[in-house]
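Subject: Structure handover

Hi,

Here is the structure I promised you. Please open it alongside this note, and my findings follow below.

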Amino acid sequence: MEFRGKRDSTEDYRWRLLKGEVIKDENGRKTKIIGSIRDIHEQKIQELREIESAKRDPITKLHTQREGRRYLTEVLTRGDSGCMVLLDLDGFRILNETYGLIFGDAILEEIGTLLLAKRSGSCRPGSRKSCWCARAGMRSLSGFRILPGNRPCSLWRK
């Protein structure tokens, strides 16, 4: 079993692995329990980083299309309302073919950086309104904003 715990009040919480086994005698009666606790903090932190990075597009750092669909499903299930914007980069294929994939990736990376900066400036985590950005496809990016009540909204209006 994996858990987070402290040995004493001066230590920060760390991930640990608890293993145990029941020892039985020749009649099948439980006579002992032996076990161990091992520190797996660095391994667990790396595992959590890998899980989080799999949810993000490596170029734009926005959430992946799969995470975007999961989030929208969650929002709709809760009955929240909001607005959604889809950015389609017209002519992007021509840019890639003319200047190369590295140039195209640099453009996508910059757009992702701008969207994330704008999102974090106008929406606070845990507030009643939240913003979410995802890479919707090869040349598409989407943004979604939830606002309390059923009213029109501008995606990044403060």
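Start with a charged pair. Glu-42 and Arg-14 meet through their side chains in a salt bridge, 3.1 Å from N to O. This pair joins distant parts of the chain: Glu-42 sits in helix H1 and Arg-14 in strand S2, 28 residues apart. Glu-42 counts as exposed, because its relative accessibility is 53%. Keep in mind that this is a predicted model.

There is a wider set around that pair. Salt bridges with shared partners tie Arg-7, Glu-11, Arg-14, Arg-16, Asp-39 and Glu-42 into one network. Across the whole structure, the search finds 14 salt bridges.

Two others deserve a look.

Glu-2 and Lys-44 form one of them, with their closest N and O atoms 2.7 Å apart. Again the link spans distant parts of the chain: Glu-2 is in strand S1, Lys-44 is in helix H1, and 42 residues separate them. Glu-2 is partly exposed at 38% relative accessibility. Lys-44 is buried, with a relative accessible area of 9%. Lys-44 also lies over the face of Trp-15, 4.9 Å from the ring centre.

Arg-135 and Asp-57 form the other, at 3.3 Å from N to O. Arg-135 belongs to strand S5 (residues 130–135), while Asp-57 is in the loop between H1 and helix H2 (65–78). They are 78 residues apart. Both residues are buried.

Now the sheet. It is open, has 3 strands in the order S1-S2-S3, and pairs them antiparallel. Strands S1 (2–5) and S3 (30–39) are at the edges with a single partner strand each, so one side of each has no neighbour in the sheet. From one strand to the next, the twist averages 35 degrees. S1 pairs with strand S2 (residues 14–24) over 4 bridges, in the antiparallel sense. In that pairing, Glu-2 stands opposite Leu-17 of S2.

What packs on the sheet? Helix H1 (residues 41–54) does, touching S1, S2 and S3. The direction of H1 makes about 115 degrees with that of S2.

Last, the aromatics. The structure holds 1 aromatic pair. The ring centres of Tyr-99 and Phe-103 are 5.0 Å apart and the planes are at 50 degrees, so the pair is tilted. Tyr-99 counts as exposed, at 55% relative accessibility. Phe-103 counts as partly exposed, at 37%.

Best wishes

Technical notes:
Residues numbered from 1 in each chain as written. Predicted model: local features only at pLDDT ≥ 70, side-chain atom pairs only at ≥ 80, totals over all residues. Heavy atoms only, no water. Pairing = 2+ DSSP bridges. Helix = DSSP H or I, 4+ residues; strand = E, 2+ residues; numbered from the N terminus. Axes fitted to C-alpha atoms, helices over the stretch in contact; angles between N-to-C directions. Contact = heavy atoms within 4.5 Å. Phe/Tyr/Trp six-rings, centres within 6.5 Å; stacked < 30°, edge-to-face > 60°. Buried < 20%, exposed > 50% of the residue type's maximum accessible area, 1.4 Å probe, protein only. Lys NZ or Arg CZ within 6 Å of the ring centre and 35° of its normal. Salt bridge = Lys/Arg side-chain N within 4 Å of Asp/Glu carboxyl O.
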